[in-house]
Amino acid sequence: MSEETRDMLHEAALRIFADKPDDLWAVLQESGFDKTLLPESKGGAGVSWADACGLLMLAGEHASDALLAEAMVGHWLLDHAGVNDASLPTIASSANSEQIRLVRTREGWRVDGTLPRVPWGSACTHVAFVVGSGTAAQLIVLARDAAGISLTSGRNLAGEPRDTLVLESVVPKAVVAAPLDARELLSLSAILRSALMAGAIERSLALAVEYANLRVQFGRPIGKFQAVQQNIALLATQAAAARAAAEAGSEAIDEWLGGVGEPLTHSIAAVSAKIRTGEAAGHACAIAHQTFGAIGFTEEHELHHFTKRLWSWRDEYGNEAFWSRALGERILSGDAEQSLWRAMVPMAAAAGGAAAQAGAAR
């Protein structure tokens, strides 16, 4: 995709989110944003994962409750499975392989088990998920209206649907070899969620700065007080760090699928994306609400639309503790001489080796 086309896509998305249409999801679908990862020959835009994450940052910046991230990945997976009649797909990245039983009978495949907290599970037309690991991983696509599927409605703190689907001898639409295993799909989903979080953090920063310049206390704007300035400066650094982490994670997806990067479960950038954005979200919510005081919690004020999503998204697809453990295991399971410091700062190890060689030469 050319840079000009990418800019046009970005501007079109920005206009849609800024207009805040009542039927936002219908407008996004009509504009084809849910299929942006698909090639142009299949009705998509052929964008990279990094470009897709850029669109998700815009969605997060405007507190969009449309299932854009899940639909993007859903269409990508359904295209791989050869299912072309889906108007509203979603994914179940948190599906536990131990809770799913896939058997092949004389009549064909049957699926039993539970898919917990599926985003927009009640509204979707299809659900895609992956079971298994490595080359044995299988991609399963179910039609939401298939016989044997029952639903328990649920919502996250932000009010977004997170529905549990119980499967009883369901006939799937497709069962094919997966392009990624279950843990890699979880990692990919975490990166996309990080992009949404980065956008919401940046909007929280903008709201805090605007309010600090308008709210007058003791005869001057509260933004003139050093304590408030220090807090907002910290929030700005957290916003920048969150964006950098999300962008690095999205680039890791492109590199991996392009065959030039490590698998997502081995990429430090991919594993770190959700850790850093989750940490930034904690600071951002605390500072933004401290800046606004009680007004930020009121239903009428827009701040809570962002902070509630940040609190919700922080726990979805693995929180900081989950991915920190994964990162530690990744680093320490390799070379016996490997250390956390050498893994995080490889130049230090290289410099140390060069210094040792120079000393030996002398």
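Residues are numbered from 1 along each chain as its sequence is written, and side-chain values use heavy atoms, with hydrogens and water left out. Because the model is predicted, local features need pLDDT of at least 70 and side-chain atom pairs count only at pLDDT 80 or more, while totals for chains, interfaces and linings use all residues.

## Cavities and pocket

Terms come first. Work is on a 1 Å grid over the protein atoms alone. A cavity is a set of points where a 1.4 Å probe fits but cannot get out. A pocket is an open set with protein on both sides within 12 Å along at least five of seven lines. Lining residues have an atom within 4 Å of a point. Grid points are joined across faces, edges and corners, and a volume is the space filled by probe spheres set on the points. For residue classes, Ala, Val, Leu, Ile, Met, Phe, Trp, Tyr, Cys and Pro count as nonpolar, Asp, Glu, Lys and Arg as charged, and the others, Gly among them, as polar. Helices (H or I, at least four residues) and strands (E, at least two) are DSSP runs, numbered from the N terminus.

The count comes to 2 cavities of 30 Å³ or more.

| Space | Volume | Lining by class |
|---|---|---|
| Largest cavity | about 80 Å³ | 9 nonpolar, 1 polar, 5 charged residues |
| Second largest cavity | about 40 Å³ | 5 nonpolar, 1 polar, 2 charged residues |
| Largest pocket | about 300 Å³ | 7 nonpolar, 3 polar, 8 charged residues |

The largest cavity is lined by 15 residues. A66, L67, L68, E70 and L196 lie nearest its centre. Helices α3 (49-61), α4 (68-81) and α5 (182-214) each supply at least two lining residues. The largest share, 3 residues, comes from α4.

The second largest cavity is lined by A69, E70, V73, I91, S189, L192, R193 and Y317. Here α4 and α5 each give at least two residues.

The largest pocket has 18 lining residues, with H10, A50, D51, G54 and L55 nearest its centre. Helices α1 (3-19), α3 and α6 each contribute at least two. The largest share, 8 residues, is from α3.

## Sheet

Four strands form an open sheet in the order β2-β3-β7-β6, with antiparallel pairing. Two strands pair if DSSP finds at least two bridges between them. The edge strands, β2 (100-105) and β6 (149-152), each pair on one side only. The twist averages 15° from one strand to the next. Its axes are lines fitted to C-alpha atoms, and angles run from 0 to 180 degrees between N-to-C directions. Strands β3 (residues 108-119) and β7 (residues 162-170) run antiparallel and are joined by 6 bridges. G113 stands opposite L167 in β7.

## Helix α6

Helix α6 (residues 226-257) has 32 residues, so at 1.5 Å a residue it should span 46 Å. The expected span is 1.5 Å times one less than the number of residues. The end C-alpha atoms are 47 Å apart, which agrees. G259 follows α6, and its phi is positive, near 80°.

## Salt bridges

The whole structure holds 16 salt bridges (a side-chain nitrogen of Lys or Arg within 4 Å of a carboxyl oxygen of Asp or Glu). In one, the side chains of K173 and D85 meet at 3.4 Å, N to O. K173 lies in the loop between β7 and β8 (174-177) and D85 in the loop between α4 and β1 (89-91), so the pair ties together parts that are 88 residues apart in sequence.
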